[in-house]
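Colleague: I would like to go through this model feature by feature. Please give the general idea each time, and then the case at hand.

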Amino acid sequence: MNDLSTYPSAVPLLAILVSAASVPLIGISARRPNLREFWTLLAAGAKFALVLSLLPSALANRVAETRLFEISRGIDLTLRADAFGVYFALIASGLWILTSIYSIGYVRGLKEKHQTRYFASFALCLSATLGVAFAANLLTFVIFFEVLTISTYPLVIHKQTPEAIAAGRKYLAFTLTAGVVLVAAMAAMAQLTGTLEFQPGGLRALQELSPVEVKILFGMFLAGVGVKAAIMPLHAWLPAAMAAPTPVSALLHAVAVVKSGVFGVVRVVGFLFGPETLSRFGLNEVMLWLAGSTILLASCLAFAEDNLKRRLAYSTVGHLSYVVLGAGLLSPSGLIGGVLHIANHATMKIVLFFCAGAIYVNAHKEKISELDGIGRAMPWTMGAFALASLGLAGVPPVNGFVSKWYLGLGALEGGSVAVVAILLISGLLNAGYFLPIVYRAFFKQSENFNSIGEASAWMVVPLILAACFSASMGLMPDLFFHFFTLAERIAAQILEASNP
Amino acid sequence: MIEANLPLLVPLTFLISALVIPLIGLRVPGAAYPLALAAVLATIPIAGFGLYRVMDGGPVSYTLGGWEAPIGIEFVLDPLASFLTLLVTVVSCLVLIHARHVASVEHPDKQVPYYSLVLLLLAGFCGIMATGDLFNLYVFLEISSLAGYGLVAIGDKRSPVSAYRYLILGSVGTGFYLLGTGFIYVMSGSLNMADVARILPQILDQPAVLAGLILMVTGIGLKTALFPLHFWLPDAYSSASSVSSALLAPLGTKVGAYVLIRILFFVFDPAAVEQRVPITSVIAWLSAGGVLYGSLMALAQQEFKRMLAYSSVAQIGYIGLGLGMANPLGFTGAVLHILNHALMKAALFLVAGNLRVQLGHSNIAAMDHRLSRQMPWSMAALVVGALSMIGLPPTAGFFSKWYLVLGGIQGSYWVFVGVILLGGLLNAIYFFRVVERVYLPFRRGPSNQAAPNGGQEVVENREARFSMLAPTLVLAGALLALGLASSFLVNRVIHHMIPAGL
Amino acid sequence: MGIEFIAGHNLYWIISLLLLVGLYGMLAKRNLVKKLIGMNIFQTAIILFYIAGASKWNATVPVIDPALGSVDPADYINPLPHTLMLTAIVVSVATTGVGFALLISIYRRYRTLDEDTLLKRMR
């Protein structure tokens with residue numbers, strides 16, 4: 001079932017370009033907000049449709065490929081819509097539609113400045129994210145990875161407050177350094193193995209290297225992609241980046257940017273090094289340790305945060321490492337769980353961020369301690385919040401349960417009881433830091449929110465949609481977009497190629 | 001007919017027009033600029049055809065006065081020379097288009113001598129590229145140097161002092177080169193590069209030959225501002241007028257780098273030399289020092305042009321690193337970086353020129369966020385230039401560093417790889433310092449806190465005029481285009497330059 | 001080695017001495033005119049070096065004189081370095097000229113040619 005066949009197609013390229021092409025259109029309609037938002041929505045819709053059109057062939061193991069031109073000796077700028085790429089692209093572009101609608105409500109509700117720059121950067125970010133998703137080789141991947149870094153910067157500093165500027169500096173310091181490490185790792189890879197092509201199951205040539213070389217290489221790669229994946233201790237930029245407007249945090253710091261990081265981790269693990277090489281040198285153990293400690297530490301740190309968005313950020317740090325953990329398990333169920341968690345965490349976390357933004361727009365509150373009784377004023381918003389919180393804690397009807405279940409299965413397959421323990425403890429911790437918020441919102445009394453009601457429909461509708469989607473994905477993981485089948489396909493590609 | 005004369009045509013056009021300009025300009029001062037521009041425009045197709053011809057049919061040689069090679073002076077156009085000649089003509093053309101307004105604002109009474117000197121400088125540069133004779137190279141080196149001293153002297157109040165310092169050190173540099181050439185001549189009995197290269201393997205063990213090489217490299221190192229021989233550069237570049245610095249900074253040091261390549265890799269055999277004196281290793285280590293030193297000094301500068309000048313010291317370090325690695329990938333990276341750095345430095349110096357003309361200064365501390373709306377396009381060019389200097393894909397700067405890193409890894413020069421990457425990060429710090437200042441408001445105290453969303457302050461448009469903006473944007477655009485085309489360049493052009501010895 | 005080495009190369013020792021004197025003048029002297037003088041000494045030393053390389057014993061100026069009747073190249077000194085140095089002298093003169101022009105300009109602006117005073121006045 002793994003005979004991948006590629007066929008030339010321009011669709012991956014078009015999917016990337018469609019939002020980049022909207023940037024100048026957004027730029028010239030700066031004075032007409034309605035037209036400008038129309039371009040954003042049009043680009044988002046077109047992008048999603050294009051990605052969706054790639055889904056059937058990806059499910060049929062037929063891979064659309066755009067081979068452009070040579071960018072370094074023997075390495076072409078190539079885009080390949082394999083199952084994993086389509087999977088990630090679907091999540092990013094699908095949630096972009098919701099976020100675009102939400103953004104319109106948000107920035108208008110707050111009368112933000114520089115809206116044109118905001119929407120333009122957003123569109124560029126999405127182009128880069130899809131480029132990361134579809135990159136067929138490491139050089140293409142790194143190019144889009146760096147474009148993503150740079151195009152996110154204007155969004156992080158959007159508010160232009162000293163705090164935002166400091167956050168921007170921190171963000172650049174972390175990501176640019178990581179980029180440099182990644183470039184070094186890539187150059188070493190090119191010299192040692194002679195290829196930078198992603199291959200399901202990893203590169204054979206790596207197995208001929210000495211253990212020290214492989215270990216150093218893997219360390220550099222993990223550090224390079226690990227910054228965006230916020231693996232501790234490389235996570236510090238993420239809570240700081242919460243200075244960005246909430247839709248930015250929602251899409252970029254819960255979906256596009258950080259998921260590019262974990263996407264990169266899985267790419268490196270499954271398509272560059274391969275399970276065989278990793279387990280031979282014991283490198284997956286390192287990943288498990290890093291991911292496990294990140295999950296626990298981040299959950300503990302989340303308790304200490306009173307700022308809602310920062311608590312969400314720490315929660316993101318923890319949940320990203322679920323994916324890393326899944327990749328590190330190297331077992332079929334573990335991989336399925338890790339990959340599924342990319343989508344599941346994205347849909348749930350985006351709900352939570354949307355809620356935080358809605359609260360901020362309506363009530364101008366950022367602190368958890370000030371949210372007493374807000375559930376009465378904004379029942380829909382907080383209802384969705386409660387649902388997503390439960391999902392992240394791993395309570396069954398919501399999709400978070402599915403990925404955690406598979407992660408647990410994977411851990412048992414690999415015989416690592418410690419991982420199961422980590423998963424359980426972390427589920428409890430998640431419940432511990434989310435449920436008090438829900439409790440405050442619905443069961444505590446306060447006079448603060450008598451005068452406000454639900455946020456505008458622009459914001460509530462996407463929020464409810466995402467929450468409904470999360471819940472339905474929990475009941476039927478394969479609904480609509482075949483995420484589950486895709487995850488299975490991805491795990492099979494990675495594992496079967498290495499054990500023929 | 002034209003093909004046979006190709007090597008000489010470009011320098012000759014510059015030389016003749018440099019002499020014609022004062023003759024006509026004395027009667028019609030307004031004619032100086034059109035003449036200069038016409039000369040540069042005329043040389044672009046010649047240089048372009050030269051490159052095409054060389055790529056197509058191999059090197060073209062021209063013997064001056066019909067005297068055959070070892071005795072007469074030979075002019076040779078090979079891939080490296082023709083490529084860099086084209087680079088010089090294109091960059092200087094863009095700078096000259098930009099110069100029309102800048103020069104008339106900064107030194108209106110010196111148009112005629114100014115453009116004459118510019119063409120003399122270019123004649124020297126292109127002569128250096130085209131000549132196949134060691135002593136003739138010295139002559140062209142002096143032509144360009146003398147013109148350079150003159151150009152630096154036409155600037156702000158301190159410029160004569162900078163020019164004088166440049167002159168003294170430049171003379172030491174050219175003097176060393178001449179002395180080294182003398183050693184080689186006395187030992188080999190020839191001055192023709194190809195001839196010397198043929199003779200050298202037999203006499204390479206003579207200490208005098210190696211001493212000659214070291215003297216030549218030291219002398220050219222001074223002209224190239226190879227760390228630690230860079231100390232004349234920051235003063236010279238920052239006090240020269242905007243046009244002069246936009247010409248000298250991207251091109252002047254690159255010509256020096258060309259001479260280094262020519263002597264180290266084409267006249268001498270680097271591998272054979274390395275067994276006797278570790279000259280390429282020394283260059284690489286010094287360059288690594290230059291990358292760090294230049295970047296750190298750039299970090300400390302408060303004046304934009306001065307910052308760019310120190311950044312040049314660092315970027316020359318990159319070129320030196322690539323050459324010092326003495327392997328094909330490093331060489332490729334170095335040549336690519338010569339091209340990329342010429343373009344990005346030109347773009348950034350043109351931005352500096354726009355700032356100086358429109359604001360009257362280029363002081364970083366005095367810039368603020370209004371600038372991004374007063375001069376949106378210039379600032380956009382600044383951002384592109386900065387991204388390329390940092391080496392972020394898909395700009396051109398990324399790819400030269402990519403080849404340098406590949407070369408470093410191929411030769412297991414881990415320290416150099418580290419330095420290249422660290423240098424990129426330092427670049428990021430000092431360029432983002434400027435970009436932040438230009439785009440973001442820094443509130444110092446609560447007084448500016450008023451009107452958070454209400455008053456969009458009105459800023460007048462102070463963007464540079466079209467003749468200044470167009471070249472700036474063309475260069476910035478070229479940085480993006482060249483990034484994607486870098487592989488094409490490497491395969492089709494630079495690949496043919498790699499000397500046989502590597 | 002030993003005394004013969006020094007004696008046999010005494011011309012080169014003189015040239016080296018001149019080079020060093022010139023370099024010292026250019027780099028260490030505080031007076032800008034003296035720097036220029038140093039530069040001239042430096043360049044002269046290089047010119048001497050070339051000329052020394054061209055000379056040989058028992059040879060004459062490279063003008064083929066029918067009266068002498070010799071067509072043996074060994075009877076003439078090498079003419080090429082002389083012509084080269086003609087160019088170098090021209091370059092040297094031009095550089096000196098530019099240097100003096102700059103000095104005049106500096107003096108007009110700062111009323112001094114002493115480097116220390118100049119640095120103070122430039123602030």
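Modeller: Start with helix packing: axes are lines fitted to C-alpha atoms, for helices over the stretch in contact, and angles run from 0 to 180 degrees between N-to-C directions. Helices (H or I, at least four residues) and strands (E, at least two) are DSSP runs, numbered from the N terminus. This is a predicted model, in which local features need pLDDT of at least 70 and side-chain atom pairs count only at pLDDT 80 or more, while totals for chains, interfaces and linings use all residues. Residues are numbered from 1 along each chain as its sequence is written, and chains are lettered from A and ligands numbered from 1 in the order in which they are written.

Colleague: At what angle do helix H8 (residues 207–224) of chain B and helix H10 (residues 242–267) of chain B pack?

Modeller: The angle is about 160°, and the axes of H8(B) and H10(B) are 8 Å apart. H8(B) is therefore roughly antiparallel to H10(B); the classes are roughly parallel under 35 degrees, roughly antiparallel over 145, roughly perpendicular from 65 to 115, and oblique for the rest.

Colleague: How is the handedness of a crossing read?

Modeller: A crossing is left-handed if the near helix is turned anticlockwise from the far one by less than a right angle, and right-handed if clockwise. H8(B) passes H10(B) in a left-handed crossing.

Colleague: Which residues make the contact between H8(B) and H10(B)?

Modeller: Contact requires that the C-beta atoms of two residues, placed from the backbone, lie within 7 Å. H8(B) contributes Met216(B), Val217(B), Ile220(B), Lys223(B) and Thr224(B), and H10(B) contributes Thr253(B), Gly256(B), Ala257(B), Val259(B), Leu260(B) and Ile263(B). By class, the contact has 7 nonpolar, 3 polar and 1 charged residues. Here Ala, Val, Leu, Ile, Met, Phe, Trp, Tyr, Cys and Pro count as nonpolar, Asp, Glu, Lys and Arg as charged, and the others, Gly among them, as polar.

Colleague: What does the pair formed by helix H14 (residues 379–393) and helix H16 (residues 417–443) of chain A look like?

Modeller: The two pack at an angle of about 165°, with axes 8 Å apart, so H14(A) is roughly antiparallel to H16(A). H14(A) passes H16(A) in a left-handed crossing. The contact residues include Phe385(A) and Leu392(A) of H14(A) and Phe434(A) and Leu435(A) of H16(A). The contact divides into 11 nonpolar, 3 polar and no charged residues.

Colleague: Which backbone values deserve a second look?

Modeller: Most residues other than glycine have a negative phi, and most peptide bonds are trans. Met232(A) and Pro233(A) are joined by a cis peptide bond, with omega about 5°; Pro233(A) is in the loop between helix H7 (211–226) and helix H8 (237–240) of chain A. The bond from Pro393(B) to Pro394(B) is also cis, with omega near 0°.

Colleague: How many residues of chain A are in contact with chain B?

Modeller: 24 residues of chain A touch 23 residues of chain B. H6(A) gives the largest share of the chain A side, 12 residues.
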